[in-house]
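Me: Can you walk me through this one? Keep it quick, please.

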Amino acid sequence: MKRLSSIVAILLLSGCSTTSSVEKQQPVEEPVAAESAAETSEANAPISLTVITTPADARVRIMNIAPVYKAAIELDAGKYDVEVSKKGYDTYRKWISVDKKTILTIQLTKKEESQAAQ
């Protein structure tokens with residue numbers, strides 16, 4: 001029994017003292033696309049139109065579509081007949097080409113006294 005215990009102890013100790021060399025492999029780096037985040041978000045951004053007006057409470061309408069205008073309205077690429085109006089101000093009306101996210105700033109001019117009375 002003593003002999004068997006000695007053999008087991010020797011085997012255990014010899015197994016512990018042996019070292020094996022394991023080579024560490026370097027992680028493989030995959031190529032990164034050179035496209036910037038700004039280009040990606042712009043390409044994926046929906047086509048939309050926002051009209052900022054002065055005075056701020058002016059009415060904005062897109063005359064050649066049925067949906068009512070709201071800020072950042074999503075549209076198909078194309079031309080749109082935009083009208084901005086307010087009582088006492090000259091009306092702005094113009095065809096606008098929209099093919100990406102578009103922000104249009106319109107400042108209405110006050111009508112002259114003689115025109116406002118009419």
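Reply: Here is a short tour, from the whole chain to its sheet. This is a predicted model, where local features need pLDDT of at least 70, side-chain atom pairs count only at pLDDT 80 or more, and totals for chains, interfaces and linings use all residues. Residues are numbered from 1 along each chain as its sequence is written, and side-chain values use heavy atoms, leaving out hydrogens and water.

Me: How many helices and strands does the chain have?

Reply: There are 3 helices and 6 strands. Both are DSSP runs numbered from the N terminus: helices are H or I with at least four residues, strands E with at least two. The order from the N terminus is α-α-β-β-β-β-β-β-α.

Me: Which strands form the open sheet?

Reply: The order is β3-β1-β6, with mixed pairing. Two strands pair if DSSP finds at least two bridges between them. The edge strands are β3 (73–74) and β6 (102–107), each pairing on one side only.

Me: And how does β1 run against β3 and β6?

Reply: β1 (residues 48–54) is antiparallel to β3, with 2 bridges. There, L49 sits opposite I73. β1 and β6 run parallel, joined by 6 bridges. T50 faces I103 in that pair.

Me: Which side chains of β6 are buried?

Reply: T102, L104 and I106 are buried and point to one face. Buried means under 20% relative accessible area (1.4 Å probe, protein chains only).

Me: New topic. What share of the chain's residues is buried?

Reply: 21% of the 118 residues.

Notes: Buried means under 20% relative accessible area, exposed over 50%, partly exposed in between (1.4 Å probe, protein chains only).
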